[in-house]
Amino acid sequence: MREVAKVLAWKNDAGGWGRASILLHWLSALLVIGLFVVGNWMTGLAYTDQWYVTAPFLHKSFGLTLFLIMLVRVLWRIGSVTPNPLPSHSRFERTAARLAHVGLYVLLFATMISGYLISTADGRAISVFGLFEVPATISGLPGQEDIAGDFHYYLAVAVMVLAALHALAALKHHFVDRDSTLRRMLGCR
């Protein structure tokens with residue numbers, strides 16, 4: 001019975017990630033990929049396209065949802081135990097993993113902040129799925145929308161490159177090293 005409770009635990013422990021961390025990780029990954037794909041797609045929409053207004057509305061709403069999820073992730077990470085690294089991981093691998101995770105968090109927040117600056121450049125609040133609005137706190141700066149737009153694009157590309165390296169490292173651990181790195185993030189103990 002203890003083993004079943006341990007496998008279904010929501011909290012992290014020394015042996016692995018809890019369900020909450022796993023859920024937040026994969027939900028973030030899904031949103032990041034979706035936002036990147038939709039963001040690239042919507043930049044090519046014509047003014048007359050039926051998605052011209054809807055796609056940015058959804059992109060902003062899901063972007064702000066990701067922001068809230070990332071805040072929860074940071075708080076959860078601060079207040080939770082971090083699983084022990086596997087004994088097979090070298091010092092280099094542990095350091096690289098730590099730097100990649102910090103890099104992903106920093107790049108994600110920078111991407112979302114630049115998106116906010118694009119969306120609020122004209123002083124209007126951002127509607128989140130029509131449920132509530134996030135006010136514009138910084139607006140009207142010279143070239144704000146264009147400058148933030150350039151940053152947003154390059155930061156998003158950097159997020160995707162680092163996320164791809166992160167995924168490749170997980171696959172390397174799974175298929176080459178044959179360790180439990182990927183299985184731990186899939187909830188398998």
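Does Phe129 count as buried, partly exposed or exposed? Phe129 counts as partly exposed, because its relative accessibility is 33%, which lies between the limits of 20% for buried and 50% for exposed. The model under discussion is predicted. The protein contains 6 helices and 2 strands, and their order along the sequence is α-α-α-α-β-β-α-α.

**Overall form and surface**

- The C-alpha trace of the protein spans about 55 × 35 × 30 Å along its principal axes.
- Of the 189 residues in the protein, 32% are buried.
- The accessible surface of the protein comes to about 12100 Å², and carbon and sulfur atoms account for 70% of that surface.
- Among contacts between residues at least 6 apart in sequence, 71% join residues that are at least 24 apart.

**The largest nonpolar core**

- The largest nonpolar core has 14 residues. Those with the most contacts inside the core are Val32, Leu66, Met70, Leu108, Phe109, Met112 and Val159.
- Helix H2 (19-42), helix H3 (54-79), H4 and helix H5 (144-175) each give two or more residues to this core.
- H4 provides the largest share of this core, with 5 residues.
- Phe109 is in contact with Phe67, Met70, Leu71 and Val74, when its neighbours within four places in sequence are left aside.

**His152 and its surroundings**

- His152 is found in helix H5. Beyond the residues up to four places away in sequence, His152 touches His59, Thr111, Ser114, Gly115 and Ile118.
- The side chains of His152 and Ser114 make a polar contact at 3.0 Å.
- A polar atom of the His152 side chain also lies 3.3 Å from the backbone nitrogen of Gly115.
- Gly115 itself lies in helix H4. Gly115 is buried because its relative accessible area is 14%, and the limit for a buried residue is under 20%.
- Gly115 and Tyr153 are 38 residues apart in sequence, and their C-alpha atoms are 9.1 Å apart in space.

**Leu117 in helix H4**

- Leu117 is found in helix H4, which covers residues 91-119.
- Leu117 counts as partly exposed because its relative accessibility is 22%, whereas a buried residue must be under 20%.
- Not counting residues up to four places away in sequence, Leu117 touches Ile138, Gln144 and Ala148.
- Leu117 and Lys172 are 55 residues apart in sequence and 37 Å apart in space, from C-alpha to C-alpha.

**Positive phi values in two loops**

- Phe129 lies in the loop between strand E1 (126-128) and strand E2 (132-134). The phi of Phe129 is near 55 degrees, a positive value in a residue other than glycine.
- Arg178 is placed in the loop between H5 and helix H6 (181-185). Arg178 is not a glycine, although it has a positive phi of about 55 degrees.
- Arg178 counts as exposed because its relative accessibility is 65%, and exposed residues are those over 50%.

How values were computed
Residues numbered from 1 in each chain as written. Predicted model: local features only at pLDDT ≥ 70, side-chain atom pairs only at ≥ 80, totals over all residues. Heavy atoms only, no water. Helix = DSSP H or I, 4+ residues; strand = E, 2+ residues; numbered from the N terminus. Buried < 20%, exposed > 50% of the residue type's maximum accessible area, 1.4 Å probe, protein only. Contact = heavy atoms within 4.5 Å. Core = buried A, V, L, I, M, F, W, Y, C linked by side-chain atoms within 4.5 Å. Polar contact = N/O pair within 3.5 Å; in protein donor to acceptor, adjacent residues only side chain to side chain. Areas by Shrake-Rupley, 256 points an atom, 1.4 Å probe, with all protein chains shown as cover.
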